[in-house]
Amino acid sequence: MRGGGRRRSRGTSASTTAKNYARRRAEAESRYIGLDDRPWAEPVADDEAIGRVEDSLGLEGAVRRLIDSLPPRRRQVALLYFLHDDGYAQIASVLEMSESTVRTHVAELRKVLQPYVRRFQQIMEASEHGRA
């Protein structure tokens with residue numbers, strides 16, 4: 001190698017980069033002096049509202065796990081019917097099964113999902129009645 005075996009790196013060294021960062025940070029902070037002096041009130045949620053949010057998130061997770069645990073064909077019917085709002089005939093066509101089989105799958109899904117739907121309705125009613 002030329003030059004006594006010492007390689008020069010191209011670009012900015014780490015120390016220069018660190019100095020530039022510190023300089024830019026100090027400039028930015030100097031522009032915003034005084035913002036910390038303003039009074040700040042942290043928003044507060046009551047325990048009941050937090051509980052309803054946790055309930056609804058837990059409920060959503062439970063429904064997702066339930067749908068994920070279904071056999072593949074029933075899971076496909078559930079997704080097409082409940083999430084995509086496809087009709088019986090369209091689902092039957094897409095999945096290449098009879099319309100009566102699709103109806104049977106949907107009826108079974110409704111039975112399984114009914115407790116979750118009831119709980120979700122309770123959560124929504126509690127929120128609508130001013131307890132949000």
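Q: Hi! Quick one to start: is D85 buried or exposed?
A: Hello! D85 is exposed, with a relative accessible area of 64%. Keep in mind that this is a predicted model.

Q: Thanks. Where does D85 lie?
A: D85 sits in the loop that links helix 3, residues 72–83, to helix 4, residues 88–95.

Q: And what is the phi of D85?
A: Phi of D85 is positive, at about 60 degrees, although D85 is not a glycine. For background, most residues other than glycine have a negative phi.

Q: Is E96 buried or exposed?
A: Exposed: the relative accessible area of E96 is 73%.

Q: Let's step back a bit. How many helices and strands are there in the chain?
A: The chain has five helices and zero strands. Read from the N terminus, the order is α-α-α-α-α.

Q: How much of the chain counts as buried?
A: Of its 132 residues, 19% count as buried. The chain exposes about 10,900 Å², and carbon and sulfur atoms supply 52% of that area.

Q: What about contacts between residues 24 or more positions apart?
A: Those pairs make up 54% of the contacts in the chain that have a separation of 6 or more.

Q: Back to helix 3. How many residues does helix 3 have, and how far does it reach?
A: Helix 3 has 12 residues and spans 16 Å from its first C-alpha to its last, which is close to the 16 Å expected at 1.5 Å a residue.

Q: Which residues in helix 3 are buried?
A: V77, A78, L80 and Y81 are buried there.

Q: What do the buried residues of helix 3 pack against?
A: They pack against helix 4 and helix 5. The D85 you asked about, with its positive phi near 60 degrees, follows helix 3.

Q: Now H105, please. Where does H105 lie?
A: H105 is part of helix 5.

Q: Why does H105 count as buried?
A: H105 counts as buried because its relative accessibility is 13%, and the cut-off for buried is under 20%.

Q: Which residues does H105 touch?
A: Leaving aside residues up to four places away in sequence, H105 touches R74, V77 and M97. V77 is also one of the buried residues of helix 3.

Q: And I123, which helix is that in?
A: I123 is found in helix 5. I123 is buried, at 4% relative accessible area.

Q: How far is I123 from L59?
A: Their C-alpha atoms are separated by 10.0 Å, while I123 and L59 are 64 residues apart along the chain.

Q: Last topic, the largest pocket. How much space lies in it?
A: The largest pocket holds about 430 Å³.

Q: How many residues line the largest pocket, and which lie nearest its centre?
A: The lining has 15 residues, with E60, V63, I67, L113 and V117 nearest the centre.

Q: Which helix gives the most to that lining?
A: Helix 2 does, with seven residues. Helix 2, which runs over residues 47–69, helix 3 and helix 5 each supply at least two.

Q: And what is the lining like by class?
A: The lining of the largest pocket has 11 nonpolar residues, one polar and three charged.

Definitions and conventions: Residues are numbered from 1 along each chain as its sequence is written. This is a predicted model: local features need pLDDT of at least 70, side-chain atom pairs count only at pLDDT 80 or more; totals for chains, interfaces and linings use all residues. Side-chain values use heavy atoms; hydrogens and water are left out. Helices (H or I, at least four residues) and strands (E, at least two) are DSSP runs, numbered from the N terminus. Buried means under 20% relative accessible area, exposed over 50%, partly exposed in between (1.4 Å probe, protein chains only). On a 1 Å grid over the protein atoms alone, a cavity is a set of points where a 1.4 Å probe fits but cannot get out, and a pocket is an open set with protein on both sides within 12 Å along at least five of seven lines; lining residues have an atom within 4 Å of a point. Grid points are joined across faces, edges and corners, and a volume is the space filled by probe spheres set on the points. Ala, Val, Leu, Ile, Met, Phe, Trp, Tyr, Cys and Pro count as nonpolar, Asp, Glu, Lys and Arg as charged, and the others, Gly among them, as polar. The expected span of a helix is 1.5 Å times one less than its number of residues. Contact means heavy atoms within 4.5 Å. Accessible areas come from the Shrake-Rupley method with a 1.4 Å probe; for residues, only the protein chains shown count as cover.
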